[in-house]
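Reader: I'd like to walk through this model feature by feature. Could you give me the general idea each time, then the case at hand?

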Amino acid sequence: WALSLMFAVIGVVMWLPYMIDRLLVGQVTGFLATLILPIAWVSVDFINAKLNPYGGWGMIAYSQHGNLPLLQLLSLTGVWGVTFIVVWFAAVANWAWEQGFAWHKIRAGVTAYVGIVAAILLLGGVRLATFPPDAETVRIASVSAQMTRASVSRGSGADDAAIALNNLKIHDELFLLSEIGAGSGAKIVVWPEANGKVDKADEAALIERGRDFARQHRIYLSMALFVRIPGQRLRENKTVTLDPEGEIVSTYFKARPPPGEPSVIGDGVIPVIETPFGVISSVICSDMDSPFHLRQQAVREGIDIMLAPSWDWEEIDPYHTYLSSYRAIENGFSMVRQANDGLSMAMDYQGNVLAAMDHFTTRERVMISQVPMRGRRTIYAQIGDVIAWLCVVALALTIGRTIVRKSASRQRRT
């Protein structure tokens, strides 16, 4: 029943913009009427993303993940601008249809829409071609040890010795793969979400092993841990980042786990790690689903590289990685997303793919990427969701105007 309820809610949310458009039809005339649907759509998406524990899942803007000239708009408006342009096309096409595609009636409106889209694509293309990332790069190795979701869920009634032995095998594989990455010249090594599965009693020993490894190879090591606490259902789903001296420079707990995930919720404060390779930060998997989680001072002041250890499954591969990539363009940082059971990807702040590795199509478990050491501050990171708020205000004013006009009309009739 829970799944049915979830789909019912999704259906209502997706139906709302169409209902609002139909209710307001006739209240705005001419070509301006085409703005109702995109304004309503952005408003509903914005409010839904604010309230929905799944963040921005299902937004129509994510259908444009391969359209890099258009996606440069993210750095100005966030995901809301892309949603507006995509939905506006449908509204303009419907308006032209209602006019019988009579060119003398639709010429001005169609020309306006095509001109705006052409300008966005042209400027996006110019940004890609003329202002590509030109900073020096750092080599990053992101690695994944093979494990199953079933192995993570065990622990309540399973044999503790068998679990501990399985954990050690995963740890050994992680350090072996990390050594391959460090041996390739990587200065930063990243593990995927929850790959370092460990009991609380053994956590200190695992971190000490990581400290020795970081010192030995003179690297930054981001260890993604999944710590089982005796007698508790929730796990500590976190990253512990070590510097080349073996010192802990950051500990971050996952802040936005999806409903039902047994993760302790952290304070959500995005870490800032100053390194010779730029300002590095780290969030975990679904923390990247919502644009709101990244609306923090640290991001506005400039993150150069975001490490995003993740864990997906086949049904959401590669969609989840594409969704996360929008946050990089919005906020002007390069991203390395290492995903167990999904598409791992490194990309720069313009959305250019630097390296990719899908765990369902390759046996490789080490991804090597050359990542720019400097990000780019974006207008969106500074002004936030202004476009979305403008749509909400415009929709509220239009609805209010409609209610007042209908009320006045009823009073005149009586």
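Author: Let's begin with cavities. On a 1 Å grid over the protein atoms alone, a cavity is a set of points where a 1.4 Å probe fits but cannot get out, while a pocket is an open set with protein on both sides within 12 Å along at least five of seven lines; lining residues have an atom within 4 Å of a point. Grid points are joined across faces, edges and corners, and a volume is the space filled by probe spheres set on the points. Here, the second largest cavity has a volume of about 30 Å³, and the count comes to two cavities of 30 Å³ or more.

Reader: Before we go on, what am I looking at?

Author: This is a predicted model, where local features need pLDDT of at least 70 and side-chain atom pairs count only at pLDDT 80 or more, while totals for chains, interfaces and linings use all residues. Residues are numbered from 1 along each chain as its sequence is written, and side-chain values use heavy atoms, with hydrogens and water left out.

Reader: Which residues line the second largest cavity?

Author: Its lining consists of Ile188, Tyr220, Leu221, Ser222, Thr241, Ile273, Ile280 and Leu307. For elements, helices (H or I, at least four residues) and strands (E, at least two) are DSSP runs, numbered from the N terminus. Strand 4 (residues 220-228) gives the most to this lining, three residues. For classes, Ala, Val, Leu, Ile, Met, Phe, Trp, Tyr, Cys and Pro count as nonpolar, Asp, Glu, Lys and Arg as charged, and the others, Gly among them, as polar. The cavity lining splits into six nonpolar, two polar and no charged residues.

Reader: Is Ser282 buried or exposed?

Author: Buried means under 20% relative accessible area, exposed over 50%, and partly exposed in between (1.4 Å probe, protein chains only). Ser282 is buried, at 1%, and sits in strand 8 (residues 278-282). Next idea: a polar contact is a pair of N or O atoms within 3.5 Å; within protein, one must be able to donate a hydrogen and the other to accept it, and residues adjacent in sequence count only if both atoms are side-chain atoms. A polar side-chain atom of Ser282 lies 3.4 Å from the backbone oxygen of Leu307.

Reader: Where is Ala308 found?

Author: Look in the loop between strand 9 (305-307) and strand 10 (310-311). Ala308 is buried, with a relative accessible area of 0%.

Reader: How do I read a helix, say helix 5?

Author: Try its length against the expected span, which is 1.5 Å times one less than its number of residues. Helix 5 (residues 79-98) has 20 residues and reaches 29 Å from first C-alpha to last, close to the expected 28 Å. Of those 20 residues, 14 are buried. Just after helix 5, Gly100 has a positive phi of about 70°. Helix 11 (residues 319-331) is mostly covered too, with 11 of its 13 residues buried, and Gly332 follows with a positive phi near 75°.

Reader: What about the second largest pocket?

Author: Its volume is about 330 Å³. Of its 18 lining residues, Asp21, Arg22, Ala33, Asn94 and Glu98 are the closest to its centre. Helix 5 supplies the largest share of the lining, five residues. By class, the lining has nine nonpolar, six polar and three charged residues.
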